[in-house]
Structures are given as C-alpha cells and as structure tokens.
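Colleague: Can you walk me through this model? Keep it short, please.

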Amino acid sequence: MKSCLKSLLGLAWAGLACLAGAQTAPPAAPPASQPQAQAPAQPNVSASARRLYERSKGQLLQIRTLLKNQDSQASVGSGFIVSDNGHVLTNYHVVSQFALEPDSYRLRYATTDGQAGALELLDFDARRDLALLRAVADDKGVNGLQGRGALAFRPQSQPLGKGERIYSMGNPHDVAFAVVEGNYNGLVERSFDPLIYYAGGINPGMSGGPVLDEDGRVVGVNVSTMLFAQQVSFLVPGEFAESLVKRSLDAKPIRSAAWSRLRDQLTRYQDELVTRFLATPWESANNERYRLPVPRQDFMRCWGRSTAADAKGLDFERSQCRMDHALFVSGSLQTGWLDMSHEAYDGSKLGALRFSRQYTGSFRNERLGGADKSRTAPYCKEQFVGMPPPDAGEPASPPGGAPVARQSRSGPGDVLPLRAVVCLRAYRKLDGLHDLSVLVTTVDDARQGALGRFDARGVSFDNALKLAAHYLEGFAWTSSSKAK
Amino acid sequence: MDEQQQGEVMSSPEPQPIPMPDPVPAPPPAAVVELLGHDGRIVLLQRVTRWPARIGRSPACDIVLDDAHVAAEHAELRLDADGRVQLALLETVNGAVIGRRRLAQGEMAPLPAGGAFQIGGCALRLRTSADVLPAEQALAVHPARHAALLPALILAMLFFQWVDHWSASDPDARWISYATPLLTPLAIVLGWAALWSLASKLFQHRFPFSAHLRLVLGVVVALQALEWLLPGVAYALSLPRLMVLDSLAAPVAGAALIAWHARLVWPSARRWLDGGVAALLLLGLGLQVGGRQEQQYIFGPPYLAALPPPALRVVTPKAPEALIESLKPLKAELARQARKDNDGADLEDVGEE
C-alpha cells in the first residue's frame, strides 16, 4: 500500500517535477495560420493534429529561465500567447525560480519560428500553478509577440464530454515543439481543486503549454503527470487560466522576490482548505475498541493494509489517507496538503512487555523532519490527554448505544487516555505558515493500541491548532467498548 | 692487575693500618649494591659485607655480576678516610662509567650522590645507610570485593541483553537467535578489560583483569538499567525532559569509565587524566550544543516515544484543550527561529505588492 501511495504522490508531483521542461504552444488560433488570427477555430475546419498545430504554432512558445548573467538555461517550459499585446500564459512552476529570485534569473521566450525575446512576470496563481507574463519591448520599442494573435479559451458553457479528443502542445525536454493527441477524461476524482484527467503523454518541458479542442480553443494547461503510469496526465482547467488573464492583464510587473504575494495566496488557500476539512465529520475506522479518525474521502484518498492472518507477532491494520495534489512553491518545497494515517495494533499474541516494546518502536519511528532551508526544526509539546466520548452516538453504534455513552460520559474511567505529541515547523520565507504533525497513541491497554498521525503542510498557526484539536476529537472509545 | 694491586698495597703500607683501628670511632656504613634492569627497576640486590668490596664475574668477588663484559675482578669499592666511597678499577678492558665520565683500568673516582655507576653492561647503584631514604609509600590497596560481585555483574548484563532481545522479537524466535546479542557484548566487554589490563601490565607490571572487568561491567549494567528505568519514570510522571539524562548518560558514563581505567594504569597521573577526560567530554558536549542550536532541545529526543504498559502511568490525562493551549507559546518561538536565516529575504520582500 505504501508503494501505491508513493506512486500516486509521484504522479501529482511528477507533473510538478516537469516544471523544468519546455512546453510547446498550443494551437488556438483561428482557421488561418496567419499570426494575427485570433478568433476561435471554426468547427467545420479539419481537426487533425497537424492542422491544429499549423494553426496555433504562431502562439506557441518555449519559456526559458536563464541565469541572470549568462545564457545557460536553468529550466525550460512551454507557454502560449493569450492577448494581442504579447501576454503569455504558463505554469507558475515554470517561472518560480524567477519569481522567487529575480536577482539571479531572467525569463525569455522562443517562438516556433526561432524568434526570441525577454519576458516579464505580471502575476501568478500558485494554487492553480499558473503565471501570466508579457513580452518586453526591445531597445527599438518593438514587442516581438505583439500582433501574433492569441489563443482563445473554450467557453465554460460548452463542457467537453468524456473521451473527446484534445491536443496537448509543448516542447518536451527541450527536444522540439510537439503536439500530442489524447483524450479528455473529466476531472480527477477526490481532488480538492479541479484538475483535468488527460489520457495522453505529457513530458517535462511541456509544462505550461496549451491543450486545445478540435476547434483550437484552449481547454486546459499542461501541468503534471503521474509517475510510473502511462498516459495519465493532468491539466489545469482553462477557466482558471482565463480568469488570471482577465484579472491581471494590466498588472505591474513583479521585479522583487514574490514571497509575500506567494504567502498571501497560500494563506488564502489554506484557510479554504482547513475550513472545508474542519466542516466534514470523521468517518468510522471500524475498529472494535477505538473510534479512530478517518476523513470523508471528499478530497483525500485512503489506502489500507494489514498483517497476514497467520502472522505470529504483532497484528496491525494500517490506513493512510492523503491529498494527492500539493502546491508547488519552489524546487525544494511543496505544500498545501493534508495527510493522515493510523495503525491499530493487536498484541494479544505477544504479551505486555513485548507489545510495549514493539509499540514503542513504532511510535519512535515517526519522522518529524529537521531544520532546512525552507522550514525550522519541529517544536513539539506532548501530554497525556483524555478524550471524552463523542457527543452523539457512534455512527455505527446500535440504537441503545447513545444512552450508554451519555451515562458513562460523566465517569472519569470513561475517558480514553492518549499520549499526544503536537509538533510545528515554521516556514522561513512564507511568514505565518507552518507544517503541523500530530502523533497520537492510545495508552489504555497493555496488549493493544492505536497509533495515529496527522500532517498538514502550509497552514497558519491558528489553523494548525484547530486541526490538531479536530484530529484529537476523532479519538474515543467505541460504543461497544464503552458498554463493557 | 695483581701487580697494580700489589703496587697499591705496597705504596700504602702506612695508611693500611689506619683503617684497622679506625672502626672504633666510625663503623663503616651498611651498604647494598643494586643491579638495575632496563626499566630502572631493581633486578638483583647484593649486600656489601666488607670494605673494600670487590666487583667482578669471579665467584670470589663480593659482588658477583653475570655479564660477559665484566672482568673476573673488575673493580673495587673503597671507603676513603672521609667516609666517601671510591670506585677503583682493576684489570679490565671495558672500564666503567660514572655519570658521564668514562674510567679506564687503574683509574679511581668517587661515586656521585645516588651512587649510580656502570660496569660492563650492568647499571649498578650503591645505597648505604648514610643515604637519605624516601618516605614509605602508601600501598594502593583495593578493598576486597565480594567474590560474587563479578559473576553477578556478568549475569546482570546478560540478563539485560536477553530481555532486550526477547522483548524485541516475536514469540516464534529461535533460541539460536539469542547467541549473537548475548555473546557479542560479552566478548567486547572481556576484550575491553583485557586491553586495559595489558596497559596495566605495561606500566604497572600487574594484570588486574578483574578490576578492569568490574569497572566496565558496572558501567554497562548501570547504563542498561537506566535505559529501562528512565523512560518508565518519564512516562509514569509525564516528564519527557527526563530523557535528557538518557542522552547524557552514555557520554558521561563513557568518560568516567575511561578515567577510572586510566587511574588504574597510571595512578600517579590521576589529576592529569581526570582533567583530560573531562575536557574531552566537555568538548564533545559543546560540539553537540553548537550543532543543535536550531533544535527545540539540545539534548534528548524531540518527544518521549516510550509506551510502557499503561499501569505505570501515574498522572491523570488532561483535557485536550490543555495541550492545545500549551502550544500557543510556540508561535513566537517558531517565528523567532524562522527569522534566523531569513533576514536577507525579508529585505528583498520589502516593496513587493
């Protein structure tokens, strides 16, 4: 199961990992292949990949991040022209180096016909992994991308159907501009933010490139692929790109490190994420003895695993739930996700001393991370905590369960004792954001127990406390164990 | 040589009678000649029964030396009128050395204070009752230990090792799997004690194996006991910082152990050894302090991972709100930590937005 999770994560992150790749510009232009065409492609024009590429290659770009003082490229991605004034859309992760260290990097574009020029960063949307750029006029006042036409977005009123053919463009691995055919497969399920599942091959370097429908209109932006999977790729829905363009067309260029803008965006995002997460009640883990917190799988995916039935040692059942999508901050930092897991142990075959030893070992194994460039070392508080029974009866409790719970709530022996550790790490450059880790073990029995862990990346201090309290509330006796 | 002797005797027919009546006022001092080994220790001691005392390989001599570089009758120790001892060389090839001075056949010289001289390959020392004796040295007597102490310590160590391995293995573990965890530490401890005993042998000419073994076993067993005891107490009372002792125990006990071993090997340098070991210990701890400035705690684990049987718990659990409340002071502390490496970045951010 662990490997499953890893590969899933990998997928989302793989996409991010391709930030360094070049992307090709998609075809969005009108029927004619002339640069100035701007109208959406006409429905009755042939829709082959070749035709689409011919039509939109004028708006397709490679976005290169170069070192400030030399021509070595630090990373490459793709992008496309979205206005007649030379506005360019790409992924935030394609330009993140420039956004965070504008003194060390600069941005340039290259067109399919070999033109090149400088770009400036107007705005970005880290949550959707999008960035808006604009070509800079050269010494003679000529803006090289002006008048080349722009790709149009497919209106939201015309949603794509599952299986419809769409075409991804970009410059994979800086090899050459490419057009890749694939299918629209709807949105990724259980994702916090909408993400299009594209059945087609996206490679590093294509990030930021457009994905076009048969009519040459932009339906999405290449963003990531799933690692160790074939043809499972992800696109940012075109509507987010369109709204960024509308919002920031006239924005002033960003010339200093954009940490505070990034922090504001991430702060707003985590507020929404935490609010939604706190609003959902815990599900039952179906453990006989303990009520263990498991999230509703609205935007998290859960995997489980247990020991073989004939195992002679410690029996356990493990469950892990996490968000598969994270927000890209920089090459060394991703954030904005929740992850939780628990292991329920049964040591009846072991005896108290052996169980205690192995339970301890499992608790000790939890890694909290150390100080690095992005975050401080974890600072922790720990305590024995007694969890009262949940207010209402268990979801799974029998009809008679609720009165029992209410009766016994007043008794002190009715509290489920836990050993709880709460650790926080602060982000160095994203003021006010923290990583939260909560470790919880039940300490009521010498031969069985449960170890839970909750992680939240990039949340405010207050939200971290709320999440920690919420997670602790997920632990209690089950009604049946209380009845004993 | 005979001629020479005769000549001497002849030349001093008059002084000769003088020593004879002299005994009355001052009897000659009692004296011994010590043969020193290469390490300066006395190998052989011979009493001077009469003056002059003849030294040589011949059994007829008063002081007999078994050395091929010594003549049959090599030299003579003579008491002069002032009570000083003179070394007079008889018929010899190799002569003698007093201090830095080399004496050839027929020469004579007084012995220096301390009475050291060399004949052939033998370092000799004359000690007389006129010399000042150093005070009696206190004998470093180690109080007799109970005979059962050593076996008890070995059993205790093996017991802890056994519990450690037993509790960490599943019920179907085979007995042979205990061999390595039990025997390896035993071998290491015995080898450690043997090495220190060898050092003692080198410098003290003793092989106090059991004393060294007692030291190392005592420290190992104490550490093992602490390893079980501390987490239990920390858990029972919910005092996670007690684990600081656990992380300090190993370096401190290790340093103490080395200091104790060294004390047995070089008893006279005790003060220097203690100081040196303490300095090394402080240096090591100081490096750790320097290396963990970013951590919440310099010593000890970030959290108490021990989960002994719940019956040990003494404190009552608190309400979850108390834990959440206790986190609040971390906000400022984390913000301060986060700013540490961040000063430059803060400046860059100015003017943005």
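**Core, helix, interface, strands**

Modeller: The largest nonpolar core has 144 residues, and Val88(A), Val95(A), Leu121(A) and Ala468(A) touch the most other members. A nonpolar core is a set of buried Ala, Val, Leu, Ile, Met, Phe, Trp, Tyr and Cys residues joined through C-beta atoms within 7 Å. Buried means that 20 or more other C-beta atoms lie within 10 Å of a residue's own; exposed means 12 or fewer, partly exposed is in between, and C-beta atoms are placed from the backbone.

Colleague: Which strand gives the largest share of this core?

Modeller: Strand S20 (residues 416-426) of chain A, with eight residues. Strands (E, at least two residues) and helices (H or I, at least four) are DSSP runs, numbered from the N terminus.

Colleague: Before we go on, what are the ground rules?

Modeller: This is a predicted model: local features need pLDDT of at least 70, side-chain atom pairs count only at pLDDT 80 or more, and totals for chains, interfaces and linings use all residues. Residues are numbered from 1 along each chain as its sequence is written, while chains are lettered from A and ligands numbered from 1 in the order in which they are written.

Colleague: New topic. Where does H5(B) bend?

Modeller: At Ala249(B), by about 35°, and Pro251(B) follows within four residues. The bend is the angle between axes fitted to the seven residues ending there and the seven starting there.

Colleague: Which residues of H5(B) are buried?

Modeller: Met243(B), Leu257(B), Trp260(B), His261(B), Leu264(B) and Val265(B). Their cover includes helices H3 (179-204) and H4 (209-236) of chain B.

Colleague: And how many residues of chain B are in contact with chain A?

Modeller: 46 residues of chain B are in contact with 55 of chain A. Contact means C-beta atoms, placed from the backbone, within 7 Å. H8(B) gives the most to chain B's side, with seven residues.

Colleague: Now strands. What does S6(B) pair with in the antiparallel sense over five bridges?

Modeller: Strand S5 (residues 75-79) of chain B. Two strands pair if DSSP finds at least two bridges between them. S6(B) also pairs with strand S9 (residues 108-110) of chain B, antiparallel, over three bridges.

Colleague: Which face of S6(B) is covered?

Modeller: The covered face is Val85(B), Leu87(B) and Leu89(B); Gln86(B) and Ala88(B) form the uncovered one. Gln86(B) stands opposite Arg78(B), and Ala88(B) has Met108(B) in S9(B) as its bridge partner.

Conventions
Two residues are in contact if their C-beta atoms, placed from the backbone, lie within 7 Å.
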